Amino acid sequence: MQCSICKRREAFFYRQYSGEKLCKKCFTESIEAKVKATIAKYGMLQFDDRIVIAVSGGKDSVSLLHILAKIERDYPKASLMAVTVDEGIRGYRDEALKIARENCKKLGIPHHMVSFKELYGYRLDEIVKKVKEKRDLKLTPCAYCSVMRRKALNITARKLEANKIATAHTLDDETQTILLNIFHGDILRIARGKPVADETHPKLVQKVKPFCEIPEKETALYAYVKKIKFQSMPCPYASEALRNDIRIMLNRMEEKHAGIKFTIFNSIEKVRPALEKLARREGLKECSECGEPTTDRICKACQMLKEIG
Ligand code: SF4
Ligand code: ZN
Ligand code: ZN
């Protein structure tokens with residue numbers, strides 16, 4: 001089977017949604033070109049940005065690290081740093097941390113770490129234990145983890161004087177979040193999940209998602225072809241989340257109806273301006289407990305920590 005782009009090398013991957021058959025070289029180049037195009041399309045990065053890449057050690061974030069390192073070589077005034085958040089998940093995060101560190105070292109990117117324990121006084125494992133003891137608390141580990149990780153990243157990026165945080169949210173993450181918001185009855189929340197965050201506050205570092213139009217399967221394949229080391233073990237808490245059921249459902253749909261994830265993503269991009277008008281978002285203020293930017297009087301992370309005591 002011949003590659004549909006170079007028409008020379010043997011194809012190893014059939015991209016079902018576009019009908020292309022790709023060789024390894026054309027495949028990796030197509031991912032890099034797509035990331036560049038996404039950055040330009042949404043105006044994600046400027047030539048002199050100080051960018052923090054959120055690197056968990058998984059396939060998406062290490063692939064993003066390598067691709068942004070390659071792109072940023074053409075922008076000598078820009079700088080890259082990597083931050084790994086150690087949530088405190090026994091038997092899982094330690095290996096990921098090591099992998100994140102090794103990848104950064106290889107690319108010459110400074111690597112920083114921040115932990116839930118040092119910021120909040122608890123590891124995620126301890127939070128989960130406390131939540132299970134309190135029967136009135138119904139949230140999953142991921143709900144606590146994502147809120148606290150977002151805050152940890154913002155605090156660390158601000159300390160590092162970064163003006164951008166690049167996260168490796170893929171097309172799959174984005175479409176799952178859209179459906180998750182619908183399933184939670186939180187439809188107006190979709191207005192917030194833009195590829196380039198537009199909430200502003202002097203203490204808030206802007207978030208961008210250069211992988212928002214790349215399917216997760218392809219970030220994994222990119223890491224595999226480029227022989228990039230990543231952590232493949234899933235988080236022990238992942239299966240408890242509704243997101244996991246949505247992931248399985250979307251993957252089944254994509255298999256039968258190639259391109260459906262793009263259709264969902266693009267449909268939301270079209271109606272997002274209307275949702276934004278309906279959402280009538282309030283400006284951010286500072287949390288009365290910790291001073292971090294929030295829409296409420298007390299930020300979500302502080303609310304959660306209060307609830308678990
Ligand atoms: Fe945190 Fe959930 Fe991700 Fe595990 S799967 S790292 S608990 S958000
Ligand atoms: Zn080719
Ligand atoms: Zn707070």
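Modeller: Helices (H or I, at least four residues) and strands (E, at least two) are DSSP runs, numbered from the N terminus. Some housekeeping: residues count from 1 along each chain as its sequence is written, while chains are lettered from A and ligands numbered from 1 in the order in which they are written. The model is predicted, with local features needing pLDDT of at least 70, side-chain atom pairs counting only at pLDDT 80 or more, and totals for chains, interfaces and linings using all residues, and side-chain values use heavy atoms, leaving out hydrogens and water.

Let's start at H7. The axes of H7 and helix H9 (residues 242-256) come within 9 Å, crossing at roughly 120°. That crossing is right-handed; the rule is that a crossing is left-handed if the near helix is turned anticlockwise from the far one by less than a right angle, and right-handed if clockwise. On the H7 side, the contact (heavy atoms within 4.5 Å) uses Asp172, Asp173, Thr175, Gln176, Thr177, Leu179, Leu180 and Phe183. H9 answers with Leu242, Arg243, Ile246, Arg247, Met249, Leu250 and Asn251. Sorted by class, the H7 and H9 contact has 7 nonpolar, 4 polar and 4 charged residues. For the classes, Ala, Val, Leu, Ile, Met, Phe, Trp, Tyr, Cys and Pro count as nonpolar, Asp, Glu, Lys and Arg as charged, and the others, Gly among them, as polar.

H7 (residues 171-183) also packs with helix H10 (residues 260-279): their axes come within 9 Å and cross at roughly 60°. Here H7 passes H10 in a left-handed crossing. Leu171, Asp172, Glu174, Thr175 and Ile178 of H7 meet Lys261, Phe262, Ile264, Phe265 and Ile268 of H10. That contact of H7 with H10 comes to 6 nonpolar, 1 polar and 3 charged residues.

Stay on H10 for a moment, where Asn266 is found. Asn266 is partly exposed, at 36% relative accessible area, on a scale where buried means under 20%, exposed over 50%, and partly exposed in between (1.4 Å probe, protein chains only).

Glu213 is buried, with a relative accessible area of 8%, while Lys41, at 52%, counts as exposed. The side chains of Lys41 and Glu213 form a salt bridge at 2.7 Å, N to O. Lys41 belongs to helix H1 and Glu213 to the loop between strand E7 (206-208) and helix H8 (216-225), so to speak a link between distant parts of the chain, 172 residues apart. A salt bridge here is a side-chain nitrogen of Lys or Arg within 4 Å of a carboxyl oxygen of Asp or Glu, and a search of the whole structure finds 25 of them.

Lys70 is in helix H2 (residues 59-72) and Glu32 in helix H1 (residues 24-42), distant parts of the chain 38 residues apart. Lys70 is partly exposed at 35%, whereas Glu32 is buried at 13%. Salt bridges also link Arg15, Glu20 and Glu218 into a network. Within it, Glu20 and Arg15 have their closest N and O atoms 3.2 Å apart; Glu20 is partly exposed at 24%, and Arg15 is buried at 6%.

Last stop, helix H6. Asn154 sits in H6 and is buried, with a relative accessible area of 3%. Leaving aside residues up to four places away in sequence, Asn154 touches Ile165, Lys203, Leu204, Val205, Glu292 and Pro293. H6 (residues 141-159) also gives the most to the shell around ligand 1, with 3 residues. The residues around ligand 1 (a heavy atom within 4 Å) are Glu87, Leu124, Cys142, Cys145, Arg149, Cys235, Tyr237 and Ala238. By class, that shell has 6 nonpolar, no polar and 2 charged residues.

Definitions and conventions:
Axes fitted to C-alpha atoms, helices over the stretch in contact; angles between N-to-C directions.
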